[in-house]
Amino acid sequence: MKKVFIVTFAVMFALANNVSAKVISNEKIDAQKVETASKIIADLQKDMQSFTEKGSGPFVAAVYDDKGNLVVKVANSVVNEKCSNNHAEMNAIKAAEQKLGTFDLAPYNLKLYVTAEPCMMCLGGIMWSGIKEVYYGVPSKSVEEITGFDEGFKPHWFKEFKKRGIVVYGNIEPELGEQELTRYVNNGKKIYMPSRESL
């Protein structure tokens, strides 16, 4: 019995360390936060296909309160609503502000979960919204490799968010997200990309 317990513990410890090694954060990694975020982001990745079938872009975001209740869940709507600002994160922030009747989400201690790392624009939106915690799936490098979308320049954003009291966790269930992004591209769906001349 003792030997079985030791082996079981060793396997659990190895799995926990494997998860911790993948996930990155601007605070000491909290296993409970990672577990919760993994479930939510995995569900968002599964929801992505149903959103894209209705014309939405390949990213989904959700806002939860500090008790674990869903406030809003929305997708990227750049293409179907013809607005370059309508990334999933921006849509989620706007929907949460409308639902709560405020421009400042800080008093509500809200958490943003998103299927991929926020781009340059969304980082600004998150910073000014009052969102307290951000959890994302696919890192920008993978998003760019799979879709060709330009995520923008984001130097030291984990550190900058920490200075402003915003907790960040990344690389949560990235494989699921990469599969969904690949499916989106392979199905010939449109990726928003402004035309520009390279210098």
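Biologist: Which strands does helix 2 lie across?

Modeller: Helices (H or I, at least four residues) and strands (E, at least two) are DSSP runs, numbered from the N terminus. Contact means heavy atoms within 4.5 Å. Axes are lines fitted to C-alpha atoms, for helices over the stretch in contact, and angles run from 0 to 180 degrees between N-to-C directions. Here helix 2 (residues 31-53) lies across strand 2 (60-64), strand 3, strand 4 (111-116), strand 5 and strand 6, at about 55° to strand 4. This is a predicted model, in which local features need pLDDT of at least 70, side-chain atom pairs count only at pLDDT 80 or more, and totals for chains, interfaces and linings use all residues. Residues are numbered from 1 along each chain as its sequence is written, and side-chain values use heavy atoms, leaving out hydrogens and water.

Biologist: What is the strand order of the sheet?

Modeller: Two strands pair if DSSP finds at least two bridges between them. The six strands form an open sheet in the order 1-6-5-4-2-3, with mixed pairing. Strand 1 (24-25) and strand 3 (70-75) each have a single partner strand, so one side of each lacks a neighbour in the sheet. Strand 5 (residues 133-138) and strand 6 (residues 167-170) run parallel, joined by three bridges; valine 134 has valine 168 of strand 6 as its bridge partner.

Biologist: How many disulfides does a search of the whole structure find?

Modeller: A disulfide is a pair of cysteine sulfur atoms within 2.5 Å. The search finds zero. For cysteine 119, the nearest cysteine sulfur is that of cysteine 122, 3.7 Å away, which is too far for a bond.

Biologist: Is cysteine 122 buried or exposed?

Modeller: Buried means under 20% relative accessible area, exposed over 50%, and partly exposed in between (1.4 Å probe, protein chains only). Cysteine 122 counts as buried because its relative accessibility is 0%; cysteine 119, at 7%, also counts as buried.
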